[in-house]
Amino acid sequence: MDGAGGPGKGPAQEALQSLSQRLQVQEKEMELVKAALAEALRLLRLQAPLTSLQDSSMIAPTRASSPAAPPGLPPSCSPSLVSRGTQTETELEMEPSPGTPGLSNGPPAPQGGSEEPSGTQSEGGGSSSSGTGSPGGTGSPGILRLVQPPQCTDTARRNSSSSPSERPRQKLSRKAASSANLLLRSGSTESRGGKDPLSSPGGPGSRRSNYNLEGISVKMFLRGRPITMYIPSGIRSLEELPSGPPPETLSLDWVYGYRGRDSRCNLFVLRSGEVVYFIACVVVLYRPGGGPGGPGGGGQRHYRGHTDCVRCLAVHPDGVRVASGQTAGVDKDGKPLQPVVHVWDSETLLKLQEIGLGAFERGVGALAFSVVDQGAFLCVVDDSNEHMLSVWDCSRGTKLAEIKKYKKPKFIPCFVFLPDGDILTGDSEGNILTWGRSLSDSKTPGRGGAKETYGIVAQAHAHEGSIFALCLRRDGTVLSGGGRDRRLVQWGPGLVALQEAEIPEHFGAVRAIAEGLGSELLVGTTKNALLRGDLAQGFSPVIQGHTDELWGLCTHPFQNRFLTCGHDRQLCLWDGEGHALAWSIDLKETGLCADFHPSGAVVAVGLNTGRWLVLDTETREIVSDVTDGNEQLSVVRYSPDGLYLAIGSHDNMIYIYSVSSDGAKSSRFGRCVGHSSFITHLDWSKDGNFIMSNSGDYEILYWDVAGGCKLLRNRYESRDREWATYTCVLGFHVYGVWPDGSDGTDINSLCRSHNERVVAVADDFCKVHLFQYPCARAKAPSLVYCGHGSHVTSVRFTHDDSHLISLGGKDASIFQWRVLGAGGSGLAPATPSRTPSLSPASSLDV
């Protein structure tokens, strides 16, 4: 670790000084470990004599020579040596001595000078060798009893053995006693049903919790690694924390984005005038003009009956019923989810029936209702290798016929039926062909006589590249949309071009066309934008979105705005009240994280190359461009007072910068060095002096930034520290959000509300969870919200906790959820409350 380097010190001298300090620390650590081992060996030899002389007068000197226990803890404890891989841990297992009254939860805190040895397991499961500490004080004496160390096998425990010859007793120094005391972890093995969690942590993928009876710490395991978290002094018992789902709920308010990049049959207009399209697992019914939801009222409504991504739509001839097909997927247990077609009512948003469950492969690629018989039949094409085409009876939900296409047909992306019975097709070479009926030919007999055939009667080269969409207008003209040339062309009889318009390049090519009210047209594009306008006046966007995987998200400190970035290299600022894109810029590189300065004047953005930028939110100009290392940046965070900027990197370091009052200028203040894996999350304390950080190997470390970016060796002293934000996924206040069997990557993001009442969680199974805060109980229940079609990468509350923003990964969707109070309406009260948490083991799907 290095703080603010003094003048005249070169990099080589600083590195040499750092190595020298680290060597001194390691020498001290070795002394502590040797002392603890010596005491353990001494106790091995004294175990048998102590048992036989327990009632004799020799017990008093034994107690007098035992190391002191931390204040507030029972006087009796026993060390346990546990070897795991190349790392050895010494633990004190507390055991009541004869005559000791019952233990209470919430003892007085240990003396502030106590220290944890650097070589022992860190709070997050890894070991750290940086930083310094001081020996701690002593407390009341106690009896030490050895807990048997484990065997290397999974089924047997290694038995301890005592030396046949008795050696003289030796007293440990104050330093060794302090070291032994600070190796304290969980309660006795008897309190855990005789099972030592360290010696039997469970296999990879397990997550179990063990509680210290003395109220000092709680422990959980991720992939077999122990993570110790210290209980705040204000919590006397974990049982006093309330349980159950939070009183607040979420309601889907708005969905940003449109899936035009890789899907067709994705844009229609209903009889009500609402535009229907889809993204992720949600079918959106949108009325241009904004306003409250519901038929005739504007805004958005959502059909959320699907369990995986929607791929196609079809509207019934009655203009009310809608069919939507989803792709195949898997649930969180790896079980396959079969593709299916939902037929639902667009007025009530109720599902009427499911068609074809188990009959399709991979997914549903295209849908169409029959027209002549008022939509009695539904045609479905799946995504199998044969592209199976099947016809279904809509009233009964039964399959009537199917056919396999073994030969690859000519690429014809779109077609439309004309009123006179002719057919127009658009192909991949930009040609529009008119197919007309020919007279019956006796050489091509059909059922009941000669069969009619279709032949090409007219042809026009309409576009450069493929034609993606054809639309028959109410006046009988036809619109065509090109891919490469981005042109919209209106065609009259005989394929005579009447009028055309070009879509701006930044919106992409034309993917779908729908006719709105009057002369209004709606156009979906390949860059996931939905445009509204006409050929004469041009088009403007009404819905926009990202086109690739999303990761970066931050909310404005005092406005209902938020910023997103991702693999499409776009940085977008969104207006949460107007439900619109305020601005976007091209970063030229992948953006992975972002954070607003408390003033809101600038925003910091971390990229995948080690660069980070600071941009003016009004002018969009880059005011700072800095590179720290060559690894990707996973988190950037301003301190609550705006004086510091912390940047977490995949090179295992946290870079600290001093920031000017307006946030435009910054200078290197120091580095936090000590994590043994890449940084994943970090938070600032409310006073802006300390940082809590998580890493890829499940470490939880604390840093004194104002004191020179020092690692705080005694993590116990940080148990009562208050944090301005809580986005770290590991910590006492949020450990209950982890599901059983987690592998440590199941939770991607976490955010505590500003009123400190609830915690929102983004998981790897397309779900958003809402927990009470603090979430300090294992298997705590949660409210679960579906809709995303990919792993949810980030969640953040807006500045007033009125909304929650969630990002989908591969589906490139942005969901804006309204936070409702306990009564189901209105905003949750802003009074801070301390309540426990809930877990997917007992979740309520919403």
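Predicted model: local features only at pLDDT ≥ 70, side-chain atom pairs only at ≥ 80, totals over all residues.
The overall make-up of the chain was examined next. Its secondary structure amounts to 3 helices and 58 strands. The chain has 846 residues, and 54% of them count as buried. Contacts were also sorted by separation in sequence. Among those between residues at least 6 apart, 53% join residues at least 24 apart.

Strand β57 spans residues 814-820. This strand is mostly covered, with 6 of its 7 residues buried. β57 pairs with β6, residues 249-256, in the antiparallel sense. That pairing runs over 7 bridges. Within it, Ser251 stands opposite Arg818 of β57. β57 is also joined to β56, residues 803-808. Here the strands again run antiparallel, and 5 bridges connect them. Leu807 has Ile814 of β57 as its bridge partner. β56 and β57 form a hairpin with 5 residues between the strands. In this hairpin, Ala812 takes a positive phi near 60°.

An open sheet of 4 strands was also found, in the order β31-β32-β33-β34. Its pairing is antiparallel. β31 (510-515) and β34 (538-543) stand at the edges. Each has a single partner strand, so one side of each is left without a neighbour in the sheet. With direction ignored, neighbouring strands of this sheet are turned by 30° against each other on average. In a regular strand, side chains alternate between the two faces of the sheet. Strand β33 covers residues 530-534 and is joined to β34 by 5 bridges. These strands run antiparallel. Leu531 stands opposite Pro541 in β34.

Arg487 lies in strand β29, residues 487-492. The side chain of Arg487 makes a polar contact of 3.1 Å with that of Asp485. A polar contact of 2.9 Å links the side chains of Arg487 and Glu500. Neighbours within four places in sequence left aside, the residues in contact with Arg487 include Ala462, His463, Ser480 and Gly481. Also among them are Gly482, Glu500, Ala501, Glu502 and Val510.

Two further arginines are placed over aromatic rings. The charged end of Arg511 sits over the ring of Phe468, at 4.6 Å from the ring centre. For Arg721, the charged end sits over the ring of Phe690, 3.7 Å from its centre.

Glu621 is located in the loop between β41 (611-616) and β42 (622-627). Is Glu621 buried or exposed? Its relative accessibility is 51%, so Glu621 counts as exposed, the cut-off for this class being over 50%. Residues up to four places away in sequence not counted, Glu621 touches Val614, Leu615 and Asp616. Val602 is 19 residues from Glu621 along the chain. The C-alpha atoms of Val602 and Glu621 are separated by 9.6 Å.

Key: Residues numbered from 1 in each chain as written. Heavy atoms only, no water. Pairing = 2+ DSSP bridges. Helix = DSSP H or I, 4+ residues; strand = E, 2+ residues; numbered from the N terminus. Axes fitted to C-alpha atoms, helices over the stretch in contact; angles between N-to-C directions. Polar contact = N/O pair within 3.5 Å; in protein donor to acceptor, adjacent residues only side chain to side chain. Contact = heavy atoms within 4.5 Å. Lys NZ or Arg CZ within 6 Å of the ring centre and 35° of its normal. Buried < 20%, exposed > 50% of the residue type's maximum accessible area, 1.4 Å probe, protein only.
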